[in-house]
Each structure stands twice: as C-alpha cells, then as structure tokens.
Amino acid sequence: MTMTILRIYMMATVISLLPISVTAQEIIDTVAAQKLNEIVVKAPKVIRKSDMDIYYPSESAVANSKNGMQLLNNLMIPSLTVTEALGTIKAAGQTVQIRINGRESSVEQLKALRPETIKRIEWLDNPGLRYGGANYVLNVIVANPSLGGSLQAEGRQALNTAWGDYYIDSKFNNRRAQFEVGSIFKLTDKVKTHRDYKETFTYPDGKTLTRTETPLNGHINSTFGRLWNSYSYTKPDTTTFYVEASVDPTFCDDFTTNGLMSISDGSDDINLYESNGSRGTQTKLSAYFEHNFAHKQTLVVDFNSSFWFGKSYSDYTEQVLEAKDNLTDIHTMIKDRNQAYAIEADYIKKWENSRFTAGASYTANRNRSVYENLDGQIFHQRQDKVYFFAEYFQKINKLTLTAGIGAQYTDLLFKETNQGSHSWNLRPQATISYRLNQKHQFQLSFTSWQSTPSLAESNVAPQQLDGFQWRIGNPDLKTASSYILTLRYKFVAPRIAGTFGIRAFNSPNAITPYLYWDKDRLITSYENSQGLQNLSFFLSPQIEIIPNWLMASGYLQYRIERMKGHDYKLHNHNLSGNINIMISHWDFELVGQYVRAQHDLWGEKISWGENLSIVQLSYNWKNWQFGVGVIMPFGKYDQGSKMLSKWNTNEQHMRLDMRMPYISIAYNLQWGHQKHGANKLIDAEANADRSTAGGR
C-alpha cells in the first residue's frame with residue numbers, strides 16, 4: 001500500500017512539472033542507486049564531464065532499438081529532437097554535427113550502427129575550436145571488432161500521398177580493413193501546399209499599396225538520393241586511414257503555388273503563379289589520415305572536396321483574369337559549375353589532466369554561374385579562407401579551464417568586376433567549469449565565430465522577383481563576427497535531471513538583407529548591419545516517470561532580441577521548445593513529439609521553422625522492426641515569416657498537407673564480428689556553393 005501511494009505521489013509530481021520541462025541541452029552524472037521505501041530509484045546513465053556529457057545506453061534502451069538512430073531516440077537526451085520519420089536530428093531547433101568515433105558522419109551512417117556495439121555517446125553542447133563553429137556535437141563511440149559484416153535496410157511510406165524514404169547499407173570487414181556501400185532515396189512528389197500571404201508596400205512619397213493573396217492550389221517536390229562507398233584501414237592505437245566517395249543527385253526540389261491576388265487600389269484581380277527550385281548533382285571525395293606517436297601525441301590530416309553541377313530556377317507570372325497576355329512574366333535560370341576544396345591538419349598532445357590542440361586549415365571555393373535570363377552572362381566568384389587555432393584544456397580538482405584562440409583570413413573576389421574584400425578575424429573561446437558535487441555543476445563559456453558572405457548575398461547579378469521587386473547582392477560585404485556568453489547550471493535529482501541556462505548573443509556586424517527604393521523598383525540587398533543582440537533563458541529536463549517504461553524529455557526557451565540596421569531598429573520575443581514522451585515495454589515502443597518552432601529576427605524579417613507533431617508505434621521482432629505512425633496528428637503545419645520593413649510589411653504562412661499516416665519496415669542483419677568505421681577526429685568542411693533564384 002505504501003509503495004503504491006508513493007508511486008502515485010511521484011508520478012503526480014513529475015506530471016505537474018511537464019509543462020515547464022520542454023526539451024534539453026544537457027543531462028546527468030551517474031548517481032548511486034538510492035533505496036526509498038522499497039523502491040530503487042536510479043539516475044539516468046549519464047556522466048557529467050567538464051567538456052561533455054557521456055551517456056551509456058541501458059540494457060532496455062539497447063533491447064528496444066534496431067539501429068543507431070532509434071537507440072539515440074531511446075536515450076531521450078533532453079535538447080535533442082530525433083525524428084526518425086523525417087530523418088532529422090536537431091537540438092534547440094539548430095543543427096547537430098554527428099560524429100562516429102570522432103569522424104563527421106551523416107544520419108544514414110548513424111542508422112547503420114548496430115545498437116549492441118555502441119559503447120557510449122558523447123554530447124557536447126559547448127564544442128571547442130576544432131569543431132569549426134558547430135553549435136552542438138554528438139559523438140557516437142562504437143566497438144571495433146575485427147571481422148564480419150552487416151546489412152541494414154529500411155523503408156517508410158505514407159499511405160495517403162507520394163512521400164517516403166528508403167535506405168540500404170552494407171559493410172564488409174577483412175582484418176583491419178572495412179568496405180562499405182550504401183544508398184538512400186527520399187521521395188516527396190506533389191505534396192499539396194498553399195500559401196497565406198498579405199503585403200503592404202509604402203512608397204517614398206507616403207502612398208501605400210496592399211496586395212492580398214487568396215490561395216488556389218500548390219504543391220512541393222523534394223526528391224533526392226545518395227550513393228556512397230568507403231574504405232578504411234585501422235591499426236589499433238597506431239594508424240587510421242579512411243577514404244569515401246559519394247554522389248548526391250537532386251532530382252527535383254521545388255515549390256509551386258497559384259493564387260488570386262487582390263489589390264487595394266481597385267485594380268482587377270490578378271492570377272498569380274510562382275515556382276522556384278533547383279536540381280543537379282553533387283559529388284564528394286574525402287580522405288583522412290591519423291597517426292598516434294609516443295607520449296600521447298597525435299597527428300591528423302583531413303581532405304575534402306565537393307563539386308556541384310546544377311541549376312536554380314524561378315518562374316513568376318501575373319495575369320489579369322480573362323486577359324490573354326501576362327501582366328508580369330519573369331523567368332530566372334542560373335546554371336552553376338561550382339567546386340570546393342578543404343584541407344586541415346591538427347596536432348594533439350595529452351597529459352594526465354590536460355590537453356593541447358593546435359591546427360590549421362585552408363578552404364577554397366570556386367564558383368561559375370551562367371545567367372541564361374541575362375543573355376548567358378557568366379559570373380565567377382573566388383573565396384579563400386585560412387584558419388589557425390590553438391586550444392588548451394586543464395583540470396584542477398573540481399575546476400576545469402579551457403581556453404583557445406583562432407585566427408581566420410578571408411579573401412573574396414568577383415572576376416568580372418574585380419570587386420571583393422579581404423579581412424583578418426580573431427576567434428577567442430573559453431570555458432570555466434566547476435563541479436560542486438555529482439549532483440550540481442556550473443559552467444560559464446564564451447564562444448565566437450565568423451560568417452563569410454554567401455554566393456547569393458554577394459553576387460552582383462540582378463534578379464527580378466516580381467513586377468517591381470528585385471534582388472542585388474553586395475560584393476563589398478565583410479566577414480561578420482558573432483559572440484555567445486552562456487551560463488549553465490546542471491542538476492540531478494531522483495528521476496529528473498537537466499540544465500537551466502542563460503545565453504547572451506551578439507553579432508555586431510551581422511550580414512543581413514535590407515530594402516530600398518530605386519526609382520520604381522524595390523531592391524533587396526545586403527549589408528553589414530549595426531548588430532543583432534538577444535538574451536535567452538532555457539530549461540532542459542529529462543524525467544524518468546516509470547523506470548524503463550515511461551520517460552519524458554524537453555526543452556523550453558524564452559528569448560528576447562533586438563536588431564539594428566539600415567534605417568531601422570526592431571525587437572522580438574518568443575517562447576519555443578519541444579517535448580518528447582516515450583513508452584516502451586514488451587518490444588513495443590510508443591513515441592510522441594511536439595515541436596514549437598523558434599522565431600528568429602534577422603534583418604527586418606522574423607521567420608520560423610516547422611511547428612510539428614509526430615506519433616509513432618513500433619514493434620521489434622528478431623532482426624526486424626515494424627512501425628506505424630502519423631505526421632501532424634494534431635495541430636496545423638506552419639512555416640513562414642513576417643517582414644517588418646517600413647517599405648514592405650508582409651506575413652507569409654506556408655501550409656502543407658502533412659497529416660500523413662505511414663508504415664515502416666526495417667531489417668538489420670549482422671554476421672561475425674562487426675567493425676564500425678574509422679576513428680576520425682576532425683573533418684575539414686568543403687561544401688560547393690549553390691545559387692538561389694529569386695522568389696518572394
């Protein structure tokens with residue numbers, strides 16, 4: 001009786017905390033089991049270290065998983081949103097850098113891991129300088145046996161529309177060598193969509209014009225694939241060599257909408273058609289070498305290259321009802337032949353309570369764009385970046401210090417106009433961590449990074465967006481710097497653990513869009529603004545409601561921000577986060593997710609990502625996994641933006657027919673002793689740029 005009453009009391013207490021415990025960023029120290037009125041309460045299998053949180057998968061988490069991604073979902077790391085149905089992993093709405101044994105990897109490679117071989121997961125919410133400005137890093141450490149192989153396959157298909165994804169991967173091990181071949185195919189074919197859109201233009205003389213769009217129909221396509229193969233050679237504790245080649249075709253990635261536009265000046269209604277997208281092929285080649293010397297010294301070298309051959313297009317027409325000719329007829333076609341190369345070398349020296357890391361990297365982007373709508377004009381852009389850094393880590397009893405500095409040189413040049421810029425920027429970073437005891441830890445960190453102008457932001461080729469709106473890049477843009485100061489308090493209590501934090505962000509010369517009138521044309525260009533500042537308060541708990549049965553995790557953030565730029569000053573505040581609930585027993589697993597997107601102020605626009613909900617039920621049987629689920633079982637899909645410029649105020653909501661039931665089948669065959677890839681500590685980034693055709 002006492003046990004039942006206590007369990008009910010604890011469940012009521014935890015449930016009352018759920019509304020304020022939406023998503024997380026960190027988690028827990030291993031805490032000894034405590035006996036409380038005949039109930040054994042254990043903290044989650046997490047160890048807090050000064051520079052990372054380490055998660056050890058429990059037996060139940062491994063038993064209920066058939067691949068690496070499902071195991072990651074079962075760990076319920078608070079700030080992580082692992083969405084198997086969409087194949088995405090995010091933290092607090094931001095991208096997560098995935099690594100396997102230190103080597104930067106993809107979601108597909110994470111899926112290919114066998115849960116039984118995953119030894120631990122390292123979660124870094126404050127990555128160091130050698131991670132290249134990543135917001136978060138997830139490093140999966142796997143066992144490395146000698147012989148054997150694996151075959152992984154998975155398919156997921158919606159029941160009411162042409163949407164699905166299919167995946168297969170195979171590995172073959174021979175002593176110290178491993179061969180891998182894999183492919184994915186993702187299908188989104190004419191999923192219904194429409195746009196709610198209203199805008200008001202203000203002219204320099206004070207006159208206004210309002211255009212309201214009533215949606216008629218529309219659809220979205222996003223179909224792409226990837227084929228990769230790799231070879232690795234690993235001599236334990238001595239040498240690692242890894243090489244990978246891949247080809248990534250984008251068959252179709254576009255958005256089309258059709259609507260009826262009414263105008264406030266009494267003009268006839270206009271039939272509006274807009275379509276923009278891209279297609280093409282990207283190929284990649286990478287090579288990695290690591291060698292460990294005596295006295296805990298390591299040298300690593302990484303090379304990456306990518307090539308993009310594709311086109312970006314935009315079509316926009318306005319036609320007065322029942323008229324034969326178009327009032328506005330705009331067609332933009334940009335053909336790219338772009339390439340990127342990157343090489344990085346790092347030196348690492350370890351002692352018992354300290355570590356020193358130093359490195360250098362070089363990245364080169366070479367872009368060639370042909371504008372067919374401008375009589376085939378060709379534009380060449382060259383961008384070079386050189387980066388040096390050094391970082392030192394020292395542990396002194398309960399106090400840990402990490403400090404480092406990076407220096408980046410950026411050079412940008414347009415061949416046709418001989419315009420460009422070059423600059424040096426420093427990237428300091430420091431962290432102080434104090435562990436009061438196993439249940440309480442405090443961390444203060446300072447991070448900085450640089451953002452270089454993109455191809456779209458700096459390209460001087462004019463692009464017409466509609467009847468009187470144009471976009472023109474700015475080749476005189478300078479590299480922008482950003483700074484973050486974060487204070488975190490990490491705590492552990494019976495069945496609940498998490499992090500509370502405060503984060504201050506400042507980007508004093510952020511690259512942002514701005515609008516201005518040039519005669520009868522409204523131009524969107526780009527500038528180094530007067531700065532963006534924001535302040536965030538966040539809470540990220542993990543709650544074990546019923547041990548091994550029912551768990552919840554979440555992330556809740558409140559943010560206030562201010563943006564200053566070309567003749568404007570704007571403010572924004574919003575609440576965002578997500579909650580994940582998982583019930584698992586008897587080889588069944590029920591997962592529910594809800595995401596409320598973060599609203600970001602950038603320039604004169606507030607934009608937000610997907611408000612999303614997903615429910616999935618899966619069953620594991622031997623080497624198989626069977627699942628059913630629904631995307632958007634409740635709520636309304638919403639992704640959009642709000643423009644606050646004095647020249648153009650508008651609000652746009654993109655709605656998708658996302659209430660999609662689906663089925664999934666996965667198969668995981670293992671034989672012999674499986675070897676899981678090279679232990680790659682760094683990853684030089686080389687991503688070929690892509691042009692973006694204009695669109696409202």
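Colleague: Which four strands form an open sheet, and in what order?

Modeller: The general idea first: strands of a sheet pair through backbone hydrogen bonds, either parallel or antiparallel. Here the order is β26-β27-β31-β30, and the pairing is mixed. Strands are DSSP runs (E, at least two residues), helices likewise (H or I, at least four), numbered from the N terminus. Two strands pair if DSSP finds at least two bridges between them. Before going on: this is a predicted model, where local features need pLDDT of at least 70 and side-chain atom pairs pLDDT 80 or more, while totals for chains, interfaces and linings use all residues. Residues are numbered from 1 along each chain as its sequence is written, and side-chain values use heavy atoms, without hydrogens or water.

Colleague: Which strands stand at the edges of that sheet?

Modeller: β26 (463-464) and β30 (511-518). Each has a single partner strand, so one side of each is left without a neighbour in the sheet.

Colleague: How many bridges join β30 to β31?

Modeller: Eight, and the two strands run antiparallel. β31 covers residues 521-528. For a landmark, take P513: its bridge partner in β31 is Y526.

Colleague: In which sense do β28 and β29 pair?

Modeller: Antiparallel, over eleven bridges. β28 spans residues 480-493 and β29 spans 496-507. I484 stands opposite F505 in β29. The two strands form a hairpin with two residues between them. In the turn, R495 has a positive phi of about 70°.

Colleague: How many bridges join β29 to β32?

Modeller: Twelve, again in an antiparallel run. Look at G501: its bridge partner in β32 is F538.

Colleague: Q542 is also in β32. Is Q542 buried or exposed?

Modeller: Buried means under 20% relative accessible area, exposed over 50%, partly exposed in between (1.4 Å probe, protein chains only). Q542 has 1% relative accessibility, so it counts as buried. Now its side chain. A polar contact is a pair of N or O atoms within 3.5 Å; within protein, one must be able to donate a hydrogen and the other to accept it, and sequence-adjacent residues count only if both atoms are side-chain atoms. A polar side-chain atom of Q542 lies 2.9 Å from the backbone oxygen of L75. The backbone oxygen of M76 lies 3.0 Å from a polar atom of that side chain. I77 is 465 residues away along the chain, yet its C-alpha is separated from that of Q542 by 7.1 Å.

Colleague: What precedes M76?

Modeller: Helix α3. M76 has a positive phi, near 55°. Eight of the eight residues of α3 (68-75) are buried, so the helix is largely enclosed by the rest of the structure. L75 is one of them.

Colleague: Which residues does Q443 contact beyond its neighbours in sequence?

Modeller: Contact means heavy atoms within 4.5 Å. Leaving aside neighbours within four places, Q443 touches residues including S50, D125, N126, T486 and R488. Q443 lies in strand β25 (440-451). Its relative accessible area is 3%, so Q443 is buried.

Colleague: What kinds of residue line the second largest cavity?

Modeller: Five nonpolar, four polar and one charged. Among the lining residues are N73, E84, V591, Q616 and Y662. β5 (80-83), β35 (588-596) and β37 (605-621) each supply at least two lining residues.

Key
On a 1 Å grid over the protein atoms alone, a cavity is a set of points where a 1.4 Å probe fits but cannot get out, and a pocket is an open set with protein on both sides within 12 Å along at least five of seven lines; lining residues have an atom within 4 Å of a point. Ala, Val, Leu, Ile, Met, Phe, Trp, Tyr, Cys and Pro count as nonpolar, Asp, Glu, Lys and Arg as charged, and the others, Gly among them, as polar.
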